[in-house]
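Colleague: Could you take a close look at one part of this model for me? I would like one residue first, then its setting among the chains.

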Amino acid sequence: MLDYYAQLVVNGIVAGAVYALFAVGLTLIYGVFRFINFAHGELIAWGAYLTLMFSGFLPFGLAVVPALFLTILLGIGQERYIYRSLRQRSRITLLIASIGLSYLLRNALRLIWGSDLVSFGFETRRGMSFAGLIVTRTQLLMVAAALLFLAFLYMLLNFTMLGKSLRAAADNTELAEIMGIDMKKVGLSVWILSALFAGVGGILIGIDTNLEPVMGLINLLKAFAAVLLGGAGNVWGALLGGLCIGIAENLGVAFFSPGYKDAVSFALIILLLLFRPTGLFGLIGGIR
Amino acid sequence: MRKAFGCIAGICLLFSVAGAYAAEEVAVGSITPLSGKLAVYGEGFQQSMLLALEEVNAAGGINGKPMKILYEDNNSTAKDSVSAIQKLITVHKLPVLFGPAASSNFLAVCPIAQENKTVLIGAESAAAEITKCGDYVFRVFPSDELQGKGAAELTVSLGYKEVVLTYINNDWGVGLGKVFKENFLKAGGKIIDEFSHDEGKTDYRSEVLRIKKHSLKAAVNLTYIKEGATMLKQAYETGLKVQWLMGSASKSPKLVELAGESAEGIIGTYPTFSQDTPQYKHFKETWEKKYPGKKIPIFGEYNYDMVHLTAKALKVAKSLSSDDIRNALIEVGKGYMGVTGDKTFDANGDVGAVYGKWTVKGGAIQDYKP
Amino acid sequence: MDYLLHILVVALVYTVFALSLNLELGYTGLYNFGHVAFFGIGAYASALLSLAGFPVAFSMTAGMIMAGAAGALLAVPALRLSGDYFGVATLAFAEMIRLFFLNERWLTKGPMGLPGIPRPLGIPSGVSGLPLYFLLSALVAAAVFLFTCRIARSPFGRALKVVREDEYVAQALGKNVFSLKVQIVAVGSLIAGLAGALYGHYITYISPSDFTLNETILVLLCVVLGGRGTQWGPVVGAFLIIFFQEFIRFLPIPVDFGRVVAPIQGMVYGAVLVFLMLKHPEGIIPEYRI
């Protein structure tokens, strides 16, 4: 019986690692720009689908590169052509535009690849057994990739000028500008980073399960739950939040119907917003 | 505001013109999944219907007039099936309709057909609930009442007295699951755990783990093709070794293709019909001539029978009103031997069936011989 | 002619739905992205009650009230959140409601949905009932329209607009901002529930897939395209969108391309929303700013 729960936790950690990637990207955007980009989820989906397309004629490992590059362009495009001009207008305009954009991107996906599930088509293999727990190679890959990117982020934030500018900008945008930090460069890097993380996460999810057009939206809401859990703008909080969501979802299924698995994150969003909008780990404001 | 009224007036004009079609044909409607998750089957249905339609028209049509099938896409959803049937009834005013595939979609539209006294025929819908749809509703595909019994018998005969039961969360799965459970319990079996799983998910690991938790020898999994393939693959990954017992909706080369090695050894039930009859041989020949190289699609034979049976009814019907067509259908059904067997309708518009067993061996679907 | 009536009924249902969202979004500036939840609660409550044998008029009223109550219940805690967060919270709430409809099979029959929902006032369920149902919907829509006009012109309505423009000013003027917001969400949810019930009894079949994010986008589009914060805006928007949708059905699209219609439609809706926000955020009927 203990095996059963332990296995659920293991699955949760794997899922959580990917959610952490999404959450970190989302929280960076929120920290610097202070708005919720509903179309962020579509970067997740497009990253995965573009990889599918390129893997049709490139080996998978190589296919990832142009796919991620295009995903980053997509992210930058969102900012440059749509959000930048709307930032001066009212809040609601921005929000409606981002919802509209996400709907547009999601349906473009459906148009090109159909509404059905598609798969990268990897072979099924028996998982490896460690002390009564089963872990598949894919799951190990997911955790390794997530750790790699997060380590990269850590080094960026703490050991480079760019990283320090990012942290300053997220803390207080106006002050950062006064101090001479190039907000354009900061803004660009934030979009690149978050799009990259989203795309990578999407690819990992695609490897683990399948691809479907709504994968962006569902994961966006989970990422948002993780962001809230960790405190909006708090990068390490987002990481922990992602792990928590992953574990909570998977463990939760032991107690109620698997149909409600996604509802765990929704319920968490509502509960957190109502009772602890600053998150479990910190204050709003600042990339810490 | 004036702008809007102008638009509306213009569109209204457009609609009043729509709906006119050649009066020299006899048209029936068909709600078919041309897009959406069942689109891959929808193509097969259309091809089979076309095969039969051409034969009907080559033999003189309906008393000299050509027969025509008007297709409405239901996007594989119940909601669009409802819009489609509304359109076919209100705009085209057709007295006979071929119902949508997937029991849930069929059940959504059958009250509408019944209310409007439109004859509705189904060729793919197995849910037991459909029996209660009403006297204007027929189907050439057998009800799962029979399959549930067959599945329970199979499980008991294989020696499995305790199983985990899971079924897909829609009318087909829930209905079949219920009938299986009734019959299995009656035969002295025990269901240790029972739960449904949602359609169209990418991740069934939670469900798979729940099955694994019980460490039983057999699991009854009544599900569709994609869902089944995903579950089988993920079960394989987690090292779950169990005898899978599945239903007719899983019996497809596509499932074996998607699931690969993890599909080996499945045993299941399905409604059979003899492939030695002259009707079947004729169907196979004609199919191969018209669509060389293409495999006969799932439910293809049923769609073929449905069109031929309907054409026959239209020929003998006293008029093209739905009541007359309905009575004619019952008449011509008596003892009609189609490709899929005897199509006599019972009082509820259902047909009978014989159930056989299938298994997956060496990557191919075969009949199961114990 | 019958088909025209059918489209008009759907357009009228969406008019009521859009008018209710307009109260919250247009007048009060609340980003309620989960409005479809109340549409769904109204539809399901009314359908379940009438299938259980209660008279339809009673079921529709009960459905309305339940939707309104749910709205009030959500509003009290949720409105403490600032704009963006309220939007996300309502979105999450709508998804949870949909999952509830999907999973509680014992109550809602889950994905199988509820077929055979009866019509009110003895209106027959088939095509023959169309003209009467059209009349009913038109009456309901007219009543809701007049009601929203009255709110707009009243001091209550003016206060709402002040809240939308600047909450702090409203508070400084002595308005109980929180109470105003809760009231309008309750009223908006009530009317959305009415629209939902009207929808359910018309189509005679509902399932959880009728109440998804797609419907939220659709009604949002109706309000935004038509003109938020105006009286006629949502009406125009609803008619335009619904007629456009049905118009697509009649285009002679070759069968092979059938599957692209829905995604392209979706792309158009998304693009229209973005385009509107960029170039013409007031929509077709602009609000007269004092």
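Which side chain does a polar contact of 3.1 Å join to that of Asp193(B)?

Modeller: The side chain is that of Arg210(B), joined to Asp193(B) by a polar contact of 3.1 Å. A polar contact here is a pair of N or O atoms within 3.5 Å; within protein, one must be able to donate a hydrogen and the other to accept it, and residues adjacent in sequence count only if both atoms are side-chain atoms.

This is a predicted model, where local features need pLDDT of at least 70 and side-chain atom pairs count only at pLDDT 80 or more, while totals for chains, interfaces and linings use all residues. Residues are numbered from 1 along each chain as its sequence is written, chains are lettered from A and ligands numbered from 1 in the order in which they are written, and side-chain values use heavy atoms, with hydrogens and water left out.

The side chain of Asp193(B) also makes a polar contact with that of His214(B), at 2.9 Å. Asp193(B) sits in strand β7 of chain B, residues 190–197; helices (H or I, at least four residues) and strands (E, at least two) are DSSP runs, numbered from the N terminus. Asp193(B) counts as buried because its relative accessibility is 11%; buried means under 20% relative accessible area, exposed over 50%, and partly exposed in between, with a 1.4 Å probe and protein chains only. Leaving aside residues up to four places away in sequence, Asp193(B) touches Val163(B), Val164(B) and Leu165(B) as well as Arg210(B) and His214(B), where contact means heavy atoms within 4.5 Å.

Next, the interface of chain B with chain C. There, 41 residues of chain B are in contact with 37 residues of chain C. The area buried between chain C and chain B is about 3,200 Å², with 67% given by carbon and sulfur atoms; buried area is the accessible area (1.4 Å probe) that two parts lose on being put together, summed over both. On the chain C side, Arg105(C), Met112(C) and Arg249(C) lose the most area to chain B, together 18% of what that side buries. The count of salt bridges between chain C and chain B is zero, a salt bridge being a side-chain nitrogen of Lys or Arg within 4 Å of a carboxyl oxygen of Asp or Glu. Two residue pairs are in polar contact across this interface, both at pLDDT 80 or more.

The elements of chain C that give two or more residues to the side touching chain B are α1 (2–27), α4 (83–103), α9 (177–203) and α11 (233–250). Of these, α11(C) gives the most, with eight residues. By class, that side has 22 nonpolar, eight polar and seven charged residues; Ala, Val, Leu, Ile, Met, Phe, Trp, Tyr, Cys and Pro count as nonpolar, Asp, Glu, Lys and Arg as charged, and the others, Gly among them, as polar. Helix α11 of chain C also holds Phe247(C), which counts as partly exposed because its relative accessibility is 29%.
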